[in-house]
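The entries follow in the order in which I checked them.

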Amino acid sequence: MANPKNAGRKRKLISKDTDQAYQKRQAKEFEKLQTGLKELQPTPPAHLPTAGKRLWRDLAPELIKIGNVKQLDRINLESLCSEYAIFLQAEKDWEDNKTYMQSKSGYVKNPAISVISECTRNMKTLCADLGISFNYRAQQNIVSEHYHAAKHDKITPLSAVNFNG
């Protein structure tokens, strides 16, 4: 699916009536490619740590609702859940030992801080890959159920926001 116009821009996976013809074409091609793929399993793999399984149980149903994440993407979700479990363990270690720990040669920086930082970076990347961010959903024009309900009542999603005080 080449993007003939604005090649550096991200592709839209869902199109609307006002989109360009090539964007509509790309969205239809993406939908066609997705139809034959196996759905993501809602139950977590047995090898994940407890915190990772909990995250899987929270995320998998939501990803299945959106429909873009399939069984092929399982390894990314597994990696995200594992990183999350490591992140939580490192956070606990940091809370127990604080920023600096005493060693034979004096005080040293708690290695948990580096682990937290690395896990955060990895989780952010994996979330972007899986489409787990507000910005990603907004870019893809994935519309929430609340939007459909508001549209039915002739209320726009921004009507609740009072921009001018």
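I located Asn110 in the loop between β2 (106–109) and α4, where helices (H or I, at least four residues) and strands (E, at least two) are DSSP runs numbered from the N terminus. The model is predicted, with local features needing pLDDT of at least 70, side-chain atom pairs counting only at pLDDT 80 or more, and totals for chains, interfaces and linings using all residues. Residues are numbered from 1 along each chain as its sequence is written, and side-chain values use heavy atoms, with hydrogens and water left out.

I looked up the accessibility of Asn110, which at 1% relative accessibility counts as buried (under 20% relative accessible area, with exposed over 50% and partly exposed in between; 1.4 Å probe, protein chains only). At the start of α4, I found a side-chain oxygen of Asn110 within 2.9 Å of the backbone nitrogen of Ala112.

I then checked the span of α4 (residues 111–130), whose 20 residues reach 29 Å from first C-alpha to last, close to the 28 Å expected at 1.5 Å a residue (1.5 Å times one less than the number of residues).

Which residues of α4 are buried? I listed Ala112, Ile116, Cys119, Met123, Leu126, Cys127 and Leu130. Seen down the axis of α4, these buried residues fall within an arc of 100 degrees, so they line one face of the helix; the arc is that of the directions from the helix axis to the C-beta atoms. On the other side of α4, Arg121, Lys124 and Asp129 are exposed.

I noted that the cover over the buried residues of α4 includes α2 (50–66) and α3 (74–97). Just after α4, Gly131 takes a positive phi of about 80 degrees.

How values were computed
Contact means heavy atoms within 4.5 Å. A polar contact is a pair of N or O atoms within 3.5 Å; within protein, one must be able to donate a hydrogen and the other to accept it, and residues adjacent in sequence count only if both atoms are side-chain atoms.
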